Amino acid sequence: MEFNDSLSIGMDDLSRTDDIEIPDMLPMMAVRDVVIFNYMIIPLFVGRPGSIEAVNEALNNDKLLMLVTQRDATKDDPGPDDLYSVGMVCMIMRTLKLPDGRLKVLVQAMSKARVSDYLRTDPSYQVKVEVIEDEEAGDVDVEVEAMMRTVREQTEKIMSLRGILSADLMMIINNIEDPGRLADLIGSNLRLKIPESQAILEETNPIQRLKLVNNLLSKELEVSTVQAKIQNEAKEEMSKSQREYILREQLHALQKELGDGDDRSQEIDELEQKLRKTKMPKPIRKEARKQLRRMEMMHPDSSEATIIRTYIDWILDVPWKKGTKDFLDLIRAKEILDEDHYGLDRVKERILEFLAVRKLNRSTKGPILCFVGPPGVGKTSLGQSIARAMGRKFHRISLGGMKDEAEIRGHRRTYIGAMPGRIVQGLKTVKSNNPVFMMDEVDKVGADYRGDPSSALLEVLDPEQNFEFSDHYLNMPLDLSKVMFITTANMADTIPGPLLDRMEVIRLSGYTLEEKLVIANRYLLPRQIGENGIKKSQLKITDTTLTRIITHYTQEAGLRNLEREISKICRKVARKIAEGGKGPYSVSTRNLDKYLGPPKTIPESEIETLDQPGLVTGLAWTEVGGEILHIEVNLMPGKGKLILTGQLGEVMKESAQAALTYCRSRSTDLNVEKDFFDQTDIHVHVPAGAIPKDGPSAGITIATALYSAISGRKVRRDLAMTGEVTLRGRVLPIGGLKEKALAALRVGIPNVIIPEQNQKELVEIPEDIRRRMKFHPVKDMDEVIGRAFQKTEKAKRRKIRRAAA
């Protein structure tokens with residue numbers, strides 16, 4: 001490998017040996033990155049085997065060597081086509097062998113020559129050369145003299161701009177009167193491209209060669225001027241930065257002397273160190289550094305500095321790229337879910353499906369689930385169990401009563417006290433970017449002049465948008481796509497439609513008596529024993545006692561009141577033990593009232609109900625679960641009025657009007673006089689008058705009660721019903737079938753009349769409930785009437801047969 005270690009050249013007229021005869025055949029060596037001109041003395045480093053062979057061959061003969069320049073400097077083994085044909089015959093003046101095997105050779109240019117033929121290419125080049133003689137310059141006229149002066153001035157300016165101006169070199173340049181030699185000297189000192197230098201070398205007319213150098217000098221002068229300008233600007237900017245640095249150091253020194261500089265510097269250094277260690281996207285890191293520089297220039301007591309400091313702390317505390325590793329063992333996850341919750345198979349199945357997909361596709365987005373169900377059925381605790389099964393952090397926020405959009409999106413950073421929204425705060429709390437994030441009471445979000453939080457939640461709960469969630473305080477995109485959002489609600493009707501559309505709704509109905517008994521034994525009782533500081537051996541509660549607590553002291557779809565009653569028993573036992581009692585204490589149905597007082601509710605099966613016409617049991621859905629609805633109808637002489645009492649809503653009033661119209665259309669079947677409805681007032685009452693009631697699902701119940709009262713026939717007491725009725729007697733579908741079925745089961749009613757269109761929903765009811773109950777699908781009121789009076793009519797016929805016998 002050959003290159004010149006310096007572009008400096010030497011002019012040595014004394015070393016010019018014109019009387020040396022140049023032979024026709026010479027060894028040749030290729031050089032790169034340099035074009036050698038006449039009168040140059042230049043050192044070269046020789047490393048390629050062929051080049052070393054050529055140097056040794058020249059040294060063994062007359063020390064003459066043909067040097068040509070490579071067209072492409074990157075080729076280590078150039079061929080004839082890769083070399084320029086015009087080069088320089090040089091004399092080897094001195095050689096030095098280096099420790100690494102290379103040669104350092106000092107050569108002097110002797111004469112310009114052209115390679116006319118390649119005689120040998122291996123192991124080194126041997127070529128046939130033709131010496132090239134320059135044309136005669138002739139007399140130097142005014143134009144040539146002017147051009148020579150211009151060349152000298154431009155050369156001086158360029159060297160001055162580059163900072164390499166040498167008085168000795170300028171003296172040599174000014175003393176040269178030959179245009180060709182001046183062109184060669186200046187051309188060898190310019191940092192020209194290889195093709196441009198080669199063009200100067202190949203030009204044999206001295207005047208044309210000088211013109212070519214003059215043109216290149218003009219172009220180089222423009223480039224050097226712009227380069228010098230850029231360097232000066234950079235130097236000024238660097239000087240400004242150095243000046244600011246020195247002033248800042250002086251300021252720090254003064255603050256240190258005053259005793260208030262150490263804490264400030266230490267604070268900045270700590271933030272810098274924390275910023276380097278925290279993983280975050282590049283744009284966010286850039287913004288954090290910018291704010292840190294602003295803070296550094298401010299007075300620590302200024303309000304703006306306080307705002308920026310808080311902002312930087314939030315940026316550093318948000319887990320931009322910090323998360324937990326998902327636990328993807330499906331068998332273990334199922335064990336954890338079963339361990340924490342009894343039942344709820346549909347929810348558990350959905351979580352295991354997500355884990356299965358996550359195991360096969362790690363880039364899948366987190367699901368957005370909405371648990372809808374009455375209070376106390378385990379919606380929130382189920383979220384905690386999901387987080388434990390997945391190995392994720394858990395965070396919960398309550399949306400109930402929230403009316404300010406800033407609670408979700410955060411406050412804008414325009415005043416002291418501004419903070420990010422609850423989403424960012426939650427991520428900071430759990431220190432993970434992929435937690436299970438539970439939002440309770442999403443159905444109770446409000447809105448006022450401060451904005452609509454439910455609209456802000458659209459961005460949070462939309463997988464197509466939340467990968468770039470924008471918090472007003474941070475004002476930078478935050479990726480929420482890895483978060484698993486779970487919302488809870490007591491009823492889906494009050495959730496805004498666009499928000500509900502973005503969530504996967506999973507309904508959680510209430511528990512049966514048997515399920516409550518298992519949960520009480522497995523979870524509630526052990527937890528309350530531990531929380532109240534007593535031992536398991538000190539309290540004994542039988543299943544019979546727990547069953548009585550469920551049936552006589554609670555009436556709910558969930559478990560909260562049941563746990564309160566168990567806690568009440570544990571507290572009384574704890575007091576006895578604290579007062580010196582030893583126990584164990586046994587709670588049975590006989591002494592239960594000593595711990596809990598008299599029963600708070602009485603099951604329907606234990607209530608003596610009136611067996612009269614006009615009494616029908618209906619089923620209703622409320623946000624706390626299913627409920628029993630008693631409909632009472634009484635007739636009295638009057639003017640055909642329909643009286644409705646019991647705080648009925650508009651929909652129930654319309655259902656009563658439709659039911660009465662149906663009954664009037666069946667006057668023939670009822671065997672009543674034509675003017676019966678004009679001379680009779682009908683009073684429909686729904687007990688528990690203090691509680692407002694509304695909804696269409698009591699239509700067939702009211703119609704059946706009217707039919708029973710008018711016909712004088714009694715309705716089966718082991719039957720409940722639900723469904724909407726039309727004027728023509730068609731039975732329309734209803735909602736909340738599972739909750740209503742559980743309500744009937746709680747009070748011991750095994751038969752339920754349901755609309756035929758709801759029959760497909762029976763598969764969602766647990767199998768053990770379907771085994772213990774009988775559902776009667778109906779299409780119209782005629783079928784309802786047939787099933788409602790069926791048992792009564794059979795009993796009446798049996799009574800007649802017994803009397804006849």
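Over the ring of which residue does the charged end of lysine 428 sit? I looked it up in this predicted model. The ring is that of tryptophan 314, and the charged end lies 4.2 Å from its centre.

I then checked arginine 413. It lies over the face of tyrosine 311, 3.7 Å from the ring centre.

Next, ring against ring. I count five aromatic pairs. One of them joins phenylalanine 437 and phenylalanine 485. Their centres are 5.7 Å apart, with 50° between the planes, and I log the pair as tilted. Where do the two residues lie? Phenylalanine 437 is in strand β9 (residues 436–440), and phenylalanine 485 is in strand β12 (residues 484–489). The pair therefore ties together parts 48 residues apart in sequence.

Buried or exposed, I asked of phenylalanine 437? It is buried, at 0% relative accessible area. Phenylalanine 485 is buried as well, with a relative accessibility of 0%.

Last entry: helix α26, residues 781–788. Which of its residues did I find buried? Met781, Val784, Ile785 and Ala788 are. They sit on the same side of α26, because their arc around the axis is only 95°.

At the N-terminal end of α26 I found a cap, aspartate 780. One of its side-chain oxygens lies 3.2 Å from the backbone nitrogen of aspartate 782.

Terms used. Residues are numbered from 1 along each chain as its sequence is written. This is a predicted model: local features need pLDDT of at least 70, side-chain atom pairs count only at pLDDT 80 or more; totals for chains, interfaces and linings use all residues. Side-chain values use heavy atoms; hydrogens and water are left out. Rings of Phe, Tyr and Trp (its six-membered ring) pair if their centres lie within 6.5 Å; planes under 30 degrees apart count as stacked, over 60 as edge-to-face and the rest as tilted. Helices (H or I, at least four residues) and strands (E, at least two) are DSSP runs, numbered from the N terminus. Buried means under 20% relative accessible area, exposed over 50%, partly exposed in between (1.4 Å probe, protein chains only). A charge sits over a ring if NZ of Lys or CZ of Arg is within 6 Å of the ring centre and within 35 degrees of the ring normal. The arc is that of the directions from the helix axis to the C-beta atoms. A polar contact is a pair of N or O atoms within 3.5 Å; within protein, one must be able to donate a hydrogen and the other to accept it, and residues adjacent in sequence count only if both atoms are side-chain atoms.
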